[in-house]
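Please read the numbered points alongside the sequence and the model.

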Amino acid sequence: MNISDVRNFFWNHHRGVVSTRRPDGSMHSSIVVCGWYYERAVFVSVYPKSVKIRNLRRDPRCTIMAVTEDWRQFVTVEGEVTLFGYDDTYASEMREVLRDVYMACSERRAEHPNWDEYQQAMIDQEAVVVMVRPERFYGVLRDSE
């Protein structure tokens with residue numbers, strides 16, 4: 001498996017599971033909608049005080065796994081994260097990143113039907129964009145049956 005395989009998989013499969021490390025060293029996993037953006041696996045957390053975001057602020061490493069609808073194929077990316085939130089990112093940059101990541105995490109790079117409404121919802125929820133730089137990746141890719 002190479003980075004091109006990873007990129008193509010995340011471009012086409014948006015169901016994901018992210019795992020972060022709790023303070024006691026145990027793992028915390030949750031489901032996310034994920035995608036690929038500028039050579040990074042990405043997702044948006046709409047709740048900045050979630051366990052996964054608290055964990056990532058303390059320890060910026062995680063694992064994100066994208067899966068096919070039938071769960072027969074998957075690709076996992078492990079790496080260090082960069083977080084973008086309204087508390088540490090200029091509003092204009094955050095608006096652009098959120099728009100791009102929304103499309104990266106949607107089927108067929110779909111536009112949102114109302115960007116102003118989407119942006120306001122992200123502001124109200126204090127959304128955080130999580131980008132994972134691939135340090136290691138692996139998975140199971142099968143030929144189409």
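**Notes on a helix and a strand**

1. Helix α4 (residues 115-125) has Trp-115, Tyr-118, Gln-119 and Met-122 as buried residues. Seen down the axis of α4, these buried residues fall within an arc of 95°, so they line one face of the helix. An α-helix has 3.6 residues a turn, so residues three or four places apart point the same way. Buried means under 20% relative accessible area, exposed over 50%, and partly exposed in between (1.4 Å probe, protein chains only).

2. The model is predicted: local features need pLDDT of at least 70 and side-chain atom pairs pLDDT 80 or more, whereas totals for chains, interfaces and linings use all residues. Residues are numbered from 1 along each chain as its sequence is written, and side-chain values use heavy atoms, leaving out hydrogens and water.

3. On the other side of α4, Asp-116, Glu-117 and Asp-124 are exposed. The cover over the buried residues of α4 includes β3 (40-45) and α3 (91-104), where contact means heavy atoms within 4.5 Å. Helices (H or I, at least four residues) and strands (E, at least two) are DSSP runs, numbered from the N terminus.

4. After α4 comes Glu-126, with a positive phi near 55°.

5. Strand β2 (residues 27-37) contains Ser-30, which is buried at a relative accessible area of 16%. Leaving aside neighbours within four places in sequence, Ser-30 is in contact with Gly-16, Val-17, Val-18 and Lys-52.

6. Met-27 also lies in strand β2 and is partly exposed, at 39% relative accessibility. Met-27 and Asn-55 are 28 residues apart in sequence, with their C-alpha atoms 9.7 Å apart in space.

Note on methods. Arc of directions from axis to C-beta.
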